[in-house]
Amino acid sequence: QVQLVESGGGAVQAGGSLGLSCTASVTISHLKAIGWYRQAPGKEPHLVAKILDDGIIRYSDSVKGRFTMSGDNAENTIYLQMNNLEPEDTAVYYCYAVQTIASWDAEYWGQGTQVAVSS
């Protein structure tokens, strides 16, 4: 079982910056994947950024160049720095992790944190 605790988020005007953090209850370097999804009102969740066990961070096209994901293995924490925010970035942001157990992958989600960007 992996617990993910998020913090950060809030409200900001377009062009501003916010940061999110997610602390896992397990060693993040042992996870198959960890990252961020977001869900706008009335829409499906979409990937924001994630890192797989190959160490490569993948970003959605909509946030490339504006968002940066990083991690601190010692703290079992990942971060999402969001710069030049746009109203379209308004969503609930969820930390997401995948842990391989035997031959199957278990998915875990944080509680979500709201990001609101006004124009």
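# A tour by selection

Begin at Asn84, which counts as partly exposed at 45% relative accessibility. The model on screen is a predicted one. Asn84 sits in the loop between β8 and β9. Its backbone deserves a look: phi of Asn84 is near 50°, a positive value in a residue other than glycine. Most residues other than glycine have a negative phi.

Next, select Ala102, in the loop between β9 and β10. Ala102 is not a glycine either, yet has a positive phi of about 60°. With a relative accessible area of 74%, Ala102 is exposed.

**The aromatic residues**

Now select Tyr37, Tyr94, Tyr96 and Trp109 together; these residues form one aromatic cluster. Across the whole structure, a search finds 4 aromatic pairs. Hide everything but Tyr94 and Trp109 to see one of the pairs: the ring centres are 6.3 Å apart and the planes stand at 85°, so this pair is edge-to-face. Tyr94 belongs to strand β9 (residues 91-101) and Trp109 to strand β10 (residues 104-109), so the pair ties together parts 15 residues apart in sequence.

Tyr96 is buried, at 9%.

**The salt bridges**

The structure holds 6 salt bridges. Select Lys32 and Asp105 for one of them: the closest N and O atoms of this salt bridge are 2.6 Å apart. The pair links distant parts of the chain, as Lys32 is in the loop between β3 (18-24) and β4 (33-39) while Asp105 is in strand β10, 73 residues apart. Lys32 counts as partly exposed at 34% relative accessibility, and Asp105 counts as partly exposed at 37%.

Move on to Asp54 and Arg58, which form a salt bridge with the closest N and O atoms 2.9 Å apart. Asp54 has 42% relative accessibility and counts as partly exposed. Arg58, at 30%, also counts as partly exposed.

Then select Asp89 and Arg66, whose side chains meet in a salt bridge of 2.7 Å, N to O. Asp89 lies in the loop between β8 (77-82) and β9, and Arg66 in the loop between β6 (57-59) and β7 (67-72), so the pair ties together parts that are 23 residues apart in sequence. Are these two partners buried or exposed? Asp89 is buried, with a relative accessible area of 1%, and Arg66 counts as buried at 9% relative accessibility.

Note on methods. Residues are numbered from 1 along each chain as its sequence is written. This is a predicted model: local features need pLDDT of at least 70, side-chain atom pairs count only at pLDDT 80 or more; totals for chains, interfaces and linings use all residues. Side-chain values use heavy atoms; hydrogens and water are left out. Rings of Phe, Tyr and Trp (its six-membered ring) pair if their centres lie within 6.5 Å; planes under 30 degrees apart count as stacked, over 60 as edge-to-face and the rest as tilted. Helices (H or I, at least four residues) and strands (E, at least two) are DSSP runs, numbered from the N terminus. Buried means under 20% relative accessible area, exposed over 50%, partly exposed in between (1.4 Å probe, protein chains only). A salt bridge is a side-chain nitrogen of Lys or Arg within 4 Å of a carboxyl oxygen of Asp or Glu.
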